[in-house]
Amino acid sequence: MSHSTLPPTGHEAGPPPPATAVAPPPRTAARPPSGSEPRSIWPASTARVGHDDLAVGGVPLTELADRFGTPAYVLDEDEVRDRCRAYLRAFPDAEVYYAAKAFLCRAMVHWVQEEGLGLDVCSAGELELAVTTGFPPERIVLHGNAKSPADLRAALRLGVGRIVIDSTSEIARLAAAVPAGSRQKVLIRVVPGIAAGGHAKIRTGTDDQKFGLSIADGSAQHAIARVLSQPRLELTGLHCHLGSQITTVKPYLSAVRRLIGLLARIREHHGRTLPELDLGGGHGVAYRPGEPALDPGALGARIRAELARGCAAAGLPVPRLAVEPGRAIAGPAGVVLYRVLSVKRTGARTFVAVDGGMSDNPRPALYGVRYAPRLVGRASAAAPEPVTVVGRHCEAGDVLAPDAPLPGDIRPGDLLAVPVAGAYHLSMASGYNLVGRPPVIAVTGGHARLLVRRESLADIQERDIGV
């Protein structure tokens, strides 16, 4: 794969897909127009069309905007598949679960299954969509710090492969719900006490947040003992998730060392050797040129080396490893298109308002994430000037890109494309101001197709049944 944020791993091929995987369909190579586009943050298929347009997956972005309207999410199917394959190469003999919370639709379920990945879900809604699309439930892991009774009932009814226990109160509730004569495989989510992640609100490896059970205060050890005493629960391993947008390998190596120590204590105190270790995800991507991104090839090689070394020192067999990339697979495969509605100059600041905003991408308002919008569809000789790209919603915090360099003659009607929009956009989209959520369009081999239609006013009104 040729992509600067996801370089080759050095492995020629990943492991063969599991027996439940469906063979991928024949790939049709895209034929991008002449010229090339810098690919540091764009899908690898991105190419120039003439002097003023870009194509992704062989389809011009202006054509997509005209056909499907704006705002609209564009998802490069080949980029998604290539990133799935890169993870299988980086983590041979491991389970790679796609984290559905980043973005999920029926087509994404098919792509992930066809490429041989498992699935990590956080609710009965995500679980039901996956299983009714044909995804094998035994290759699904259910997460959640506060799973509802409906979540657990759905997981047991559909036969998910693993449930990650996140609190001691969940243990007895889950055990009581497991049908007599059967056992449910579970993991314990532990907190290793490691601070990592791109923002305080997405750091989950420390003791001051809502997820998991602490090693430091003994909560994890207490939960492990309780699970081992439940005949209807089968403890297969440990799980941890350090946070999101992590761009260095070091925190993961620290987590491996601490979890090996806990595995050794479990063997010592309970005589049990757990066969699985899930290190979660949180692998960072670049949102703007020059930003760091986590290389899965380097991550996989160093984690596997650290795991082998630590287990040898502790006299433990090496557990089967699992990882859960979400953003790193879906994020760089997506581009969102906006139409400029107004340009307002107030003092020293220029505000460029577009027809979307925090209802289709709340991340800048939540985490201060910064994007790199680009003018497409019109050639401009004007020098770039820093502008603030804002949304249409009634919030001063509805800012999509502060200090973004755009041509000085930017005007209403212009089309803006924002890369790295495949993760945590539609999945976190809201109904604010009742503007409706955008559609998702897949592109590959010069063709475009609608995956998720635009939410209409009729959709919104049909839900409102009270008078």
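Close-up 1. At 2% relative accessibility, R363 counts as buried (buried is under 20% relative accessible area, exposed over 50% and partly exposed in between, with a 1.4 Å probe and protein chains only). This is a predicted model, where local features need pLDDT of at least 70 and side-chain atom pairs count only at pLDDT 80 or more, while totals for chains, interfaces and linings use all residues. Residues are numbered from 1 along each chain as its sequence is written, and side-chain values use heavy atoms, with hydrogens and water left out. R363 belongs to helix 11 (residues 363-367), and Y367 has its place in helix 11 too. Helices (H or I, at least four residues) and strands (E, at least two) are DSSP runs, numbered from the N terminus. Skip the neighbours within four places in sequence, and R363 is in contact with Y287, R327, G368, V369, Y371, A423, Y424, H425 and M428; contact here means heavy atoms within 4.5 Å. In UniProt, an unreviewed entry places a "binding site" feature at R327, R363, Y367, E395 and Y424. UniProt positions follow the numbering used here, feature names are shortened, and annotations may be inferred rather than shown by experiment.

**Close-up 2. Y424 in its loop.** Look for Y424 in the loop between strand 19 (415-419) and strand 20 (440-444). Y424 has a relative accessible area of 12%, so it goes down as buried. Not counting residues up to four places away in sequence, Y424 touches K101, A102, R327, N361, P362 and R363. The R363 contact also turns up in the list for R363.

Close-up 3. P325 sits in the loop between strand 13 (320-323) and helix 10 (327-330). With a relative accessible area of 1%, P325 is buried. Who does P325 contact, leaving aside its neighbours within four places in sequence? The partners are Y87, V96, Y97, Y98, A99 and H283.

**Close-up 4. H239 in strand 11.** H239 lies in strand 11, and at 0% relative accessibility it counts as buried. Setting aside neighbours within four places in sequence, H239 is in contact with H143, V164, L187, I188, R189, V190, D278, G280 and E324. The C-alpha atoms of H239 and A322 are separated by 8.9 Å, though the two residues are 83 apart along the chain.

**Close-up 5. Strand 11 with its two parallel partners.** Strand 11 (residues 233-239) is mostly covered, with six of its seven residues buried. Strand 9 (residues 184-191) runs parallel to strand 11 and is joined to it by six bridges; two strands pair if DSSP finds at least two bridges between them. In this pairing, I188 stands opposite L238. Strand 11 also pairs in the parallel sense with strand 12 (residues 276-278), over three bridges. There, D278 in strand 12 is the bridge partner of H239. The chain gets from strand 11 to strand 12 through helix 8 (residues 250-270), and this β-α-β crossover is right-handed: with the strands pointing away from the viewer, the path from the first strand over the helix to the second runs clockwise.

Close-up 6. Three strands form an open sheet in the order 1-2-3, with antiparallel pairing. Strand 1 (47-49) and strand 3 (59-60) are the edge strands, each pairing on one side only. Strand 1 and strand 2 (residues 53-56) run antiparallel and are joined by three bridges. Within that pair, R48 stands opposite L54.

**Close-up 7. T350 in strand 15.** T350 is part of strand 15 (residues 349-354), and its 10% relative accessibility makes it buried. Apart from neighbours within four places in sequence, T350 is in contact with V343, K344, R345, V387 and T388.

**Close-up 8. The second largest pocket.** This pocket has a volume of about 490 Å³. Its lining has 27 residues, and the closest to its centre are P373, R374, L375, P405 and L406. Strand 16 (374-376) and strand 18 (399-407) are the elements that give two or more residues to the lining, and strand 18 gives the most, with six residues. For the method: on a 1 Å grid over the protein atoms alone, a pocket is an open set of points with protein on both sides within 12 Å along at least five of seven lines, where a 1.4 Å probe fits, and lining residues have an atom within 4 Å of a point. Grid points are joined across faces, edges and corners, and the volume is the space filled by probe spheres set on the points.
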